[in-house]
Amino acid sequence: MKKVDIAKKILSENDKHAFENVMFLGQHKKLCLNMISSPGSGKTTILTRTITDLKSKIRVGVIEGDIQTDIDAERISRTKAPVIQINTNGACHLSAVQVSAALKKLPVQDLDLIIIENVGNLVCPSDFDLGEHGKIVVLSAAEGDDKPIKYPGIFAKAKALLINKIDLLEGGLLDFDIERATTDARRLNKDIKIFSVSARNGEGMNAWYDWLAESIKAL
Amino acid sequence: MHEAGIAQSLLAIISEEAARQNARPISAKISCGTLSGVNDEALRFAAEAIAKDTPCEGIKLEIEHKPLQAQCRDCNITFDVELSQPRCSACGGENFKLLPDAGLILEEVEFQTD
């Protein structure tokens, strides 16, 4: 028997491609955000509203990650924003090499912001760095306020948290405690920006837009 | 089940080292940070499936989980974070800074020698 010290990051191959993406985005000076959430939290609706509302100010390009279908890419393309669909064919997350290929297909020069909509999954995508400037986590009120504590990885790593579907809180149909969700998220991540929104009726979206504009300017 | 992707990358590194050593890998020691959320059973299952019919077939994985640490801003101590109840272990306060998570590391591989 012979023991060999390796001491290597297991995801170093992914990190290598992520670094290429960092360089690519740096050269083009474009902001890139990686949006992560459970399936059905409203990522695509947030995107379509954001793209439409910001049309005259911020040009957005989208990389859509889904296990199957191009349903989401079709929804995005109805806004006229450029979109590249990646089908992972079973994989539960996007990897940096897939994003690298997609970035080269987007008209990056003509964009101000690139948003990657990751595969709907609150766990796996948070481990795979894509070379983005920041991760955005979306939590919809219907999922429950205990998610930051139950899935700490993504809440600890994200730059911003969008609590979506707050229109459902009216009428007392949900027991979602915004205070609890935000307190728990901030315990894990003191600097996380939190936006309570309804992508359906537009409530709270302006603060998110302001943050996007500031983040682009700060690049 | 991101363990499948992790297992694939893990076995690629081990296979590369096995070719360099020209020896069969018997076991590997891995350390996982808390935020990686690795499930041991899923990782072993994925590795077993991917390693089948390759030189890594039958490799044993020894998986160590490293606690997430934080530094208290008030009393300055470093402590292991209990994620369900994140508080400073000394003062009980919530004013702390998370330290970088340990990540996913392949520490060492044991090879069979003749």
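This is a predicted model: local features need pLDDT of at least 70, side-chain atom pairs count only at pLDDT 80 or more; totals for chains, interfaces and linings use all residues.

Modeller: The side chain of B:Arg87 forms a salt bridge with that of B:Glu94, at 3.0 Å from N to O. B:Glu94 is likewise partly exposed, with a relative accessible area of 34%. This pair belongs to a network, in which salt bridges that share partners join B:Arg87 and B:Glu94 with A:Asp145, A:Arg180, A:Asp184 and A:Arg187. Side chains of opposite charge can pair when their charged atoms come close.

Over all chains, the structure holds 18 salt bridges. Among them is the pair A:Lys135 and A:Glu132, whose side chains meet at 2.5 Å, N to O. A:Lys135 has a relative accessible area of 10% and is therefore buried, since buried means under 20%. A:Glu132, with a relative accessible area of 11%, is buried as well.

A further salt bridge links the side chains of A:Lys147 and A:Asp146, with an N to O distance of 2.8 Å. Here A:Lys147 is buried, at a relative accessible area of 13%, whereas A:Asp146 is partly exposed, at 21%. The two residues fall on either side of the 20% limit that ends the buried class.

Terms used
Residues are numbered from 1 along each chain as its sequence is written. Chains are lettered from A and ligands numbered from 1 in the order in which they are written. Side-chain values use heavy atoms; hydrogens and water are left out. A salt bridge is a side-chain nitrogen of Lys or Arg within 4 Å of a carboxyl oxygen of Asp or Glu. Buried means under 20% relative accessible area, exposed over 50%, partly exposed in between (1.4 Å probe, protein chains only).
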